Amino acid sequence: MQTISNCTPSEIQKAAEALVDGKLVAFPTETVYGLGADAKNQGAIARIYSVKARPVNHPLIVHISSINQVEKWATDSSEYALDLARHFWPGPITLILKKSRLAIDAITGGQDAVGLRVPLNPVALNLLAEFEKLGGSGVVAPSANRFGSVSPTSAKAVEAELGNFMEKGDLILNDGPCLIGIESTIVDCTKDAPIILRPGAVTTEMIEQVTGLKNTVDLEGQKVRVPGQMASHYSPKAVVELGMPTQQGGGFIALADVESPAGALRLAAPISIEEYARVLYKALRLGDELGLERIFVIEPQGGGLAVAIRDRLKKAASGK
Ligand code: TXA
Ligand code: MG
């Protein structure tokens, strides 16, 4: 496994060739780093599951270079789904659509729907475009972390998560820290109206505005049916507790205007909700690097991106 830190066109070309050869290529997106494989290569897909130690019934998102590739992977897409694609791609939203025959069971976990996304990161987009030029159709990419763990928002975090499990010829493309820092919004578009399965930077309000449909469903407090959305997700090794510290000596994450309690080790003090999302996973990782047993977190209040942050924190907190 090699990390490429200067992602020139020729290095991206080599990475696209590695995908064609059935290798795994971890790459940056605006949300988190993904672990990529040729979406038509069963052997490479099987390696993703083993490198991540992920149960095989958890479906993978297919990453494509543009909306023009949707027809390859999906059929009978509704008008509102295409509106969302036109409006938000490239960007942090994954659309769940009725699958075409190209989307094999190894990707969909045997479901009749496939998740598609056009990521907003120049290295990712160039990689996908080069891969398609070589005859590829799409790149499956889950977050590049071990199953249940915190998603990586830097190439260094990918190395720490998966370095021991990747092989010769596999690559990590380094394009610095991710701009958004939490995973894409996932929207089930197989029904009459969109259903939000995982909140993210594209918010409920934004989706309602674009589709003109009111009945998007928020996840908070609701039972979820997405595979992979089990409670013990996004968890660091440290125990995450929501609220002010109940004991001395843990880590502490809160917006900058919340003062650190005595004895707590401040892991992040973001000044905005956007910065909160961007630094959260790095701060949780830092807590693990420092060997902390507990990390106390004050959740951000309000709607929009704060909803997605609270969703991840709730899952991180129920992990142990
Ligand atoms: O931001 C992201 O979405 C990142 C970057 C790399 O694109 N990817 C990501 O992938 O978060 P992953 O595999 O860690 O999470 C994708 C989630 C899983 O919970 C999976 O179950 C769900 O999407 N998913 C994928 N395909 C699906 C499908 N056909 N139906 C329902 N859920 C699906
Ligand atoms: Mg993940």
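The legends below describe close-up views of a predicted model.

**View 1. Packing of helix H1 against helix H6.**
Helix H1, which spans residues 9-20, packs on helix H6, residues 122-133, at an angle of about 55°, and their axes lie 9 Å apart. This angle makes H1 oblique to H6. The crossing in which H1 passes H6 is right-handed. On the H1 side the contact is formed by Ile12, Gln13, Ala15, Ala16, Leu19 and Val20, and on the H6 side by Val123, Asn126, Leu127, Glu130 and Phe131. Sorted by class, the residues of this contact of H1 with H6 comprise eight nonpolar, two polar and one charged.

**View 2. Crossing of helices H4 and H8.**
Helix H4 covers residues 79-88, and helix H8 covers residues 204-211. The axes of H4 and H8 come within 9 Å and cross at roughly 115°, and the crossing of these two helices is right-handed. From H4, the residues Tyr80, Asp83, Leu84, His87 and Phe88 meet Met206, Ile207, Val210 and Thr211 of H8. The contact of H4 with H8 is made up, by class, of six nonpolar, two polar and one charged residues.

**View 3. Helices H9 and H10 side by side.**
Helix H9, residues 273-289, and H10 have axes that come within 9 Å and cross at roughly 25°, an angle that makes H9 roughly parallel to H10. H9 passes H10 in a left-handed crossing. In H9, the residues Ile273, Glu274, Tyr276, Ala277, Leu280 and Tyr281 meet Leu305, Ala306, Ile309, Arg312 and Leu313, which belong to H10. The contact of H9 with H10 divides into nine nonpolar and two charged residues, with no polar residue taking part.

**View 4. Ala317 in helix H10.**
Ala317 belongs to helix H10, which runs over residues 305-317, and with a relative accessibility of 24% Ala317 counts as partly exposed. When residues up to four places away in sequence are left out of the count, Ala317 touches Val240 and Leu242.

**View 5. The cysteines Cys7 and Cys178.**
A disulfide is a covalent bond between the sulfur atoms of two cysteines. The structure holds zero disulfides. For the sulfur of Cys7, the closest cysteine sulfur is that of Cys178, at 12 Å, which is too far for a bond.

**View 6. Tyr234 in the loop between H8 and S11.**
Tyr234 is located in the loop that lies between helix H8 (204-211) and strand S11 (239-242). With a relative accessibility of 5%, Tyr234 counts as buried. Although Tyr234 and Ser151 are 83 residues apart in sequence, their C-alpha atoms are 6.6 Å apart in space.

Most residues other than glycine have a negative phi, and most peptide bonds are trans. Trp89 and Pro90 are joined by a cis peptide bond, for which omega is about -10°, and Pro90 is found in the loop between helix H4 (79-88) and strand S5 (93-98). Ala53, although not a glycine, has a positive phi of about 55°; the loop that holds Ala53 runs between helix H2 (42-52) and strand S4 (61-63), and Ala53 counts as partly exposed at 43% relative accessibility. A positive phi, near 50°, is also found in Asp76, a residue other than glycine. Asp76 lies in the loop between helix H3 (70-73) and H4, and Asp76 is exposed, with a relative accessible area of 63%.

Methods
Residues numbered from 1 in each chain as written. Chains lettered and ligands numbered in written order. Predicted model: local features only at pLDDT ≥ 70, side-chain atom pairs only at ≥ 80, totals over all residues. Heavy atoms only, no water. Axes fitted to C-alpha atoms, helices over the stretch in contact; angles between N-to-C directions. Helix = DSSP H or I, 4+ residues; strand = E, 2+ residues; numbered from the N terminus. Parallel < 35°, antiparallel > 145°, perpendicular 65-115°, else oblique. Left-handed = near helix turned anticlockwise from the far one by under 90°. Contact = heavy atoms within 4.5 Å. Nonpolar A, V, L, I, M, F, W, Y, C, P; charged D, E, K, R; others polar. Disulfide = S-S within 2.5 Å. Buried < 20%, exposed > 50% of the residue type's maximum accessible area, 1.4 Å probe, protein only.
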